[in-house]
Amino acid sequence: MRIAIGEFAHETNTFCPGVTGIEDFKLRNWSVGSEIFRRYRGVRNDLGGMIDAAERIGGIELVPLLATVTQPSATVARSAYDEIRDTMFAQIKAAGQLDAICLAMHGAGTVEGMEDLEGTFLGELRELVGNEIPVVLSLDLHGNTTEAMLRHSNALFYCHEYPHIDTFDAGVQNLETAVKIINGEVRPLKYLIKLPVAVPPATTFEGPGKVINDRCYEWMKEPGVLDCSFTHGFPHTDVSVICTSVLVITDNDEALAKRVAEDVAELILATLDDFLSPLPGAEEALKQALATTAQPVIVAEVSDNPGGGAPGSGTHLLRAMLAANEPKTCFGFVWDPETAKQAHAAGVGAKIKVKIGGFTDALHGAPIETEAYVKVLSDGQFILKNPMGAGRLVNLGLMVRFVIGNVDVLVGSRREQTLDDGTFELHGIDVRKMRVVGIKSQQHFRGGFKHIAGTIIRTDTPGLTTSNLWDLPFKKIQRPIWPLDQLPMGYREVISVGPAS
């Protein structure tokens with residue numbers, strides 16, 4: 001049995017200026033052929049799950065294609081899409097006879113002139129390989145599921161958790177299902193209910209996200225239910241296909257799929273108001289943090305989250321922390337390659353005048369001009385511990401630990417949200433001994449900090465990944481849509497796609 005595996009993933013924030021070029025993908029990850037095995041074996045993500053499942057099942061020859069992904073960012077350049085597609089398809093053509101193709105994608109990709117990256121790519125893939133070969137996907141729960149995605153794949157498995165600590169499991173489910181399809185053991189039927197809803201980023205560790213997931217998990221115990229996913233959609237982009245959905249996959253049982261999907265959809269609609277929880281600004285969040293006895297207090301600046309397309313160079317929370325100037329407080333990290341380079345040129349022990357952050361736009365705050373002591377320099381590399389991708393090598397480029405007054409400030413050279421305390425450890429900071437730890441992340445940080453944090457406070461400063469969706473300049477999304485508009489009662493779109501004949 002020969003099964004091809006690969007990845008083409010991008011979460012597109014169309015509010016970001018410019019385009020995401022091929023160099024962005026190649027800098028972040030561009031693994032062709034057997035390099036995929038070296039990079040992903042033992043890693044807790046989709047491809048790691050596929051590799052693990054195949055080796056555990058046995059009798060499977062994995063054919064590695066291309067794995068490429070970059071940070072959430074601006075609309076993908078058409079030239080980048082074409083090169084990635086052509087590289088992937090060349091690998092498929094060279095692979096010979098295949099029994100199935102298993103891909104890790106995202107579900108919220110947008111290309112110049114193309115709203116639906118995934119649906120378009122899958123349609124072109126079908127033109128290449130035909131309709132007989134099974135194509136199975138694993139996806140990010142922030143995907144905006146489209147009819148094209150359903151029609152051009154045999155099964156789609158979204159991760160269920162946010163933080164995405166179960167992407168490995170989605171990869172396992174992806175490959176195991178492909179094997180079952182090949183062997184004639186299952187015939188997946190896909191049933192999708194699309195709701196006119198844009199859910200602000202909400203964790204599934206607690207609150208309404210957990211309530212809905214628990215219902216999905218209960219349904220997944222039902223014989224014949226292969227999967228039941230509450231897909232949040234990706235609200236930080238301006239495309240017409242934004243939606244929150246319920247996707248149910250059964251073993252060729254449409255009546256069962258309909259019953260499950262309608263039940264979960266009704267629960268989502270009944271809990272919508274619970275997703276709206278106003279967050280404090282930077283000064284108020286810091287005030288709350290300093291008054292809290294359960295330490296360390298993790299203060300997450302959700303609105304400047306590189307994991308959703310924001311630059312990570314914002315200064316709102318850092319400025320508030322520097323103004324407070326409290327001992328045992330730290331911030332990690334601000335994306336600012338030039339300042340990191342300046343610190344490396346000056347060397348450890350130097351006191352230098354710096355301008356930190358604020359170089360991308362006015363929305364995320366002005367640069368912070370100050371004098372800083374260069375405490376530690378590093379190459380920004382460490383192994384991720386967060387169960388979302390544990391085992392992956394993180395490379396943040398040249399980094400520096402500054403001391404500014406009483407505050408330790410980390411500055412890095414590559415955009416990335418802070419997923420665990422690895423970047424702090426790399427620079428000699430034990431966050432367990434700190435009062436307040438400032439980071440940039442929306443929800444994923446919970447996977448790496450929940451067991452460390454005494455208290456978690458999320459702050460919503462001006463930024464491209466704000467949880468206040470009213471602040472985003474939407475023009476293309478279909479209206480009405482909750483919470484921007486009153487929910488149009490009774491409206492939903494249903495798409496049912498039976499198994500391939």
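Glu-301 stands opposite Thr-459 in strand S19, where strands (E, at least two residues) and helices (H or I, at least four) are DSSP runs numbered from the N terminus. The model is predicted, so that local features need pLDDT of at least 70 and side-chain atom pairs count only at pLDDT 80 or more, whereas totals for chains, interfaces and linings use all residues. Residues are numbered from 1 along each chain as its sequence is written, and side-chain values use heavy atoms, with hydrogens and water left out.

Glu-301 belongs to strand S10 (residues 297-301). Because five of the five residues of S10 are buried, this strand is largely enclosed by the rest of the structure; buried denotes under 20% relative accessible area, exposed over 50%, and partly exposed in between (1.4 Å probe, protein chains only). Cover is found on both faces of S10, with Val-297, Val-299 and Glu-301 buried on one side and Ile-298 and Ala-300 buried on the other. Strands are taken to pair if DSSP finds at least two bridges between them. Five bridges link S10 in parallel to S19 (residues 455-459), and within S19 Ile-457 is the bridge partner of Val-299. S19 is itself mostly covered, four of its five residues being buried. S10 also runs parallel to strand S18 (residues 436-439), to which four bridges join it, and Val-297 stands opposite Val-436 there.

A nonpolar core is defined as a set of buried Ala, Val, Leu, Ile, Met, Phe, Trp, Tyr and Cys residues joined through side-chain atoms within 4.5 Å. The largest such core has 65 residues, of which Ile-5, Ile-101 and Leu-175 touch the most other members. Helix H4 (residues 78-95) gives the most to this core, contributing seven residues. A second, separate core comprises 30 residues, among them Ile-368, Ala-372, Val-374 and Val-409. With residues up to four places away in sequence not counted, Ile-101 touches residues including Leu-65, Ile-92, Leu-125 and Val-136, contact being heavy atoms within 4.5 Å.

Ala-100 lies in strand S4 (residues 100-104) and is buried, with a relative accessible area of 0%. Leaving aside neighbours within four places in sequence, the contacts of Ala-100 include Arg-2, Ile-3, Pro-134 and Ala-178. Ala-100 and Arg-2 are 98 residues apart in sequence, yet their C-alpha atoms are 7.0 Å apart in space.

Several backbone features were also identified. Most residues other than glycine have a negative phi, and most peptide bonds are trans. The peptide bond from Tyr-162 to Pro-163 is cis, with omega near 10°, and Pro-163 is placed in the loop between strand S6 (155-158) and helix H7 (167-182). Gly-332 and Phe-333 are likewise joined by a cis peptide bond, with omega about 10°; Phe-333 is in strand S11 (residues 329-335). Although not a glycine, Asn-252 has a positive phi of about 55°. Asn-252 lies in the loop between strand S9 (244-251) and helix H9 (254-270) and is partly exposed, at 38% relative accessible area. Lys-328, also not a glycine, has a positive phi of about 60°. Lys-328 occupies the loop between helix H11 (316-324) and S11, and its relative accessibility of 46% counts as partly exposed.
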